[in-house]
Amino acid sequence: MHLRMTQFLMVLAASLAVGCGSGDGDGSTPENDASIETPDSTVVETPEGDETVPEGDAMEPAAEEAKEEVATVPTSLEVTLGEGDLLTGIPGTGPLSDEEIEKWLADPVNHMELEVQLPMGLNVGKIPAGVIEENPLTKAKIELGRQLYFDTRLSSDNTISCASCHHPDKGYAFDTQFGVGVGGQEGGRNSPVSYNRILSKEQFWDGRADSLEAQAVGPIANPIEMANTHEGAVKTLKEIPGYVKQFEAVFDDGVTIDNVGKAIAAFERAIVTGPSAFDYYEQLKPLKALDEEIINEDEDLKAKYDMLMAGAKAKPMSESAERGYKLFFSEKVNCAACHVGANLADEKYHNLGIGMDADEPDLGRFAVTGEEKDKGAFKTPTIRNVEYTAPYMHDGSLKTLEEVVQHYNKGGTPNPWLSDKMKKLDLSDQDVADLVAFMKACSGDFPPIEHARLPE
Ligand code: HEC
Ligand code: HEC
């Protein structure tokens with residue numbers, strides 16, 4: 001109890017410190033009336049909130065106009081994704097009991113809207129507009145999504161969960177050529193990764209789902225994946241009291257398939273990769289170009305420089321990786337023509353000729369747009385943590401990163417729709433090794449995560 005109060009006061013202090021006057025005014029005003037997500041059925045009690053707001057002194061430094069904002073219980077919590085305990089589940093061990101769930105839901109902190117920062121590296125990118133606003137993140141929602149992601153009870157025969165094809169131990173993908181669903185059924189596509197999805201709107205190799213929410217409910221009813229129906233999944237969840245309690249506390253309308261999608265999407269957005277050797281190297285570059293004096297004179301700059309230097313020391317770039325970096329971003333090799341941006345993926349669709357020599361090739365993006373130019377085009381995947389997710393490409397046809405680079409080296413597989421960015425590269429064996437070393441230098445830590453611990 002004590003700890004919780006302290007936490008609460010810290011949150012309060014933090015929100016007083018940053019809430020007024022700083023640039024976050026635009027988003028916060030309208031959202032504030034929604035305040036803590038506490039639907040009618042909720043068990044959350046917030047009386048302490050009113051008592052502990054130290055009205056007098058805390059408000060002194062605040063501007064008059066900020067009064068209204070400050071007088072209410074703080075509504076948001078600042079977190080950096082990838083750090084802390086967002087994915088480690090409700091504290092404890094073994095199956096989740098109803099009592100543990102009730103205690104968790106009763107803590108108002110778990111219902112505060114999270115104001116998220118991306119971790120170092122990914123933070124050079126921006127979360128697409130609307131994504132968070134349409135499905136605000138809270139600890140309770142992320143935790144519910146975590147449970148659903150690992151729960152095989154969402155499949156028709158209780159054997160398959162999302163993690164069966166996107167497992168944390170397999171880099172959030174899987175090491176089979178194709179995803180393997182209920183009864184050992186296989187589709188024709190390799191399981192892509194489910195991390196860093198917070199930076200993308202369109203999902204699937206062909207981008208046919210326009211949000212993570214829309215994507216998340218697909219596999220449940222896909223006959224070769226989880227082989228259930230949405231009605232079946234909702235019925236199962238309604239029979240598990242621990243789930244019912246959580247859905248009712250997190251959403252206004254309890255257990256629905258849309259809310260399953262929202263909770264899973266919230267969870268997936270919290271799965272991000274941490275800083276890599278590449279990130280420290282890249283962010284140090286402009287600072288290293290500065291005069292040391294300039295850095296030493298500016299406290300913030302100096303702190304940043306020291307942080308980056310320490311990171312670079314802990315995660316150094318090998319000489320091979322440095323050479324690979326130069327090739328990757330060079331005009332001649334130019335992997336960055338498509339693998340670009342915070343997640344090293346342009347979110348666009350390209351034809352590399354993968355699988356295009358088959359009798360009936362998978363036409364990828366064409367099935368979504370019907371446009372000739374999209375034949376055989378697939379969405380550019382991320383290079384971050386790619387070393388953990390062999391085999392590669394939409395059809396899982398390339399087994400190693402070396403094989404992938406050799407595919408580019410030969411200029412792809414000829415076909416009428418081949419991207420004009422594909423050309424023969426004349427890479428030496430050393431170049432190939434260097435590019436692979438660079439890709440491995442793009443790996444960062446995954447956040448700690450609880451795999452089991454589901455409602456009884
Ligand atoms: C049987 C294996 C399997 C299961 C189970 C499965 N997936 Fe997938 N997932 C795949 C495959 C294969 C694709 C790519 C399909 C495509 O592009 O047509 C995919 C695509 C995705 C994507 C898109 C990633 C991107 O880069 O566009 C996300 C996100 C995802 N799955 C999350 C989930 C979630 C959440 C669940 C559980 C509700 C789930 N998957 C269940 C195999 C699976
Ligand atoms: C024209 C855009 C483009 C260029 C240039 C490009 N890529 Fe790709 N990359 C893609 C696309 C699109 C895919 C997925 C293609 C598919 O599955 O059909 C891909 C797939 C990959 C994969 C497999 C990832 C996975 O999860 O399966 C790796 C690794 C990769 N590229 C590395 C590189 C390297 C290294 C270079 C430079 C030598 C490069 N790419 C140049 C667009 C590009």
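## Helix H13 and its packing

Helix H13, which covers residues 277–288, has twelve residues and reaches 16 Å from its first C-alpha to its last, close to the 16 Å expected at 1.5 Å a residue; the expected span is 1.5 Å times one less than the number of residues in the helix. This is a predicted model, in which local features need pLDDT of at least 70 and side-chain atom pairs count only at pLDDT 80 or more, while totals for chains, interfaces and linings use all residues. Residues are numbered from 1 along each chain as its sequence is written, and chains are lettered from A and ligands numbered from 1 in the order in which they are written.

Within H13, the residues Ala277, Phe278, Asp279, Tyr280, Tyr281 and Gln283 are buried, a word used for a residue with 20 or more other C-beta atoms within 10 Å of its own, the C-beta atoms being placed from the backbone. The buried residues of H13 pack against helix H15 (299–314) and helix H16 (319–328).

## The chain as a whole

The protein chain contains 19 helices and four strands, where helices (H or I, at least four residues) and strands (E, at least two) are DSSP runs numbered from the N terminus. Of its 456 residues, 40% count as buried.

## Two nonpolar cores

A nonpolar core is a set of buried Ala, Val, Leu, Ile, Met, Phe, Trp, Tyr and Cys residues joined through C-beta atoms within 7 Å. The largest such core has 58 residues, and those with the most contacts inside it are Leu148, Val250, Ala263, Ile264, Phe267, Ala270 and Val272. Among the elements that each supply at least two residues of this core are strand E2 (113–117), helix H8 (139–150) and helix H12 (257–269).

Leu148 touches Leu154, Val260, Ala263 and Ile264, not counting residues up to four places away in sequence; two residues are in contact if their C-beta atoms, placed from the backbone, lie within 7 Å. A second, separate core of 25 residues includes Ala321, Val333, Cys335 and Val404.

## The surroundings of the two ligands

Ligand 1 is surrounded by 28 residues, of which the closest are Cys162, Cys165, Gly179, Trp205 and Pro219; a residue is near a molecule if its C-beta atom, placed from the backbone, lies within 6 Å of it. Helix H9 gives the most to this shell, with five residues.

Around ligand 2 there are 24 residues, and Cys335, Cys338, Ile354, Tyr392 and His394 come nearest. Helix H18 (residues 401–409) gives the most to the shell around ligand 2, with four residues.

Terms used:
A residue is buried if 20 or more other C-beta atoms lie within 10 Å of its own, exposed if 12 or fewer, and partly exposed in between; C-beta atoms are placed from the backbone.
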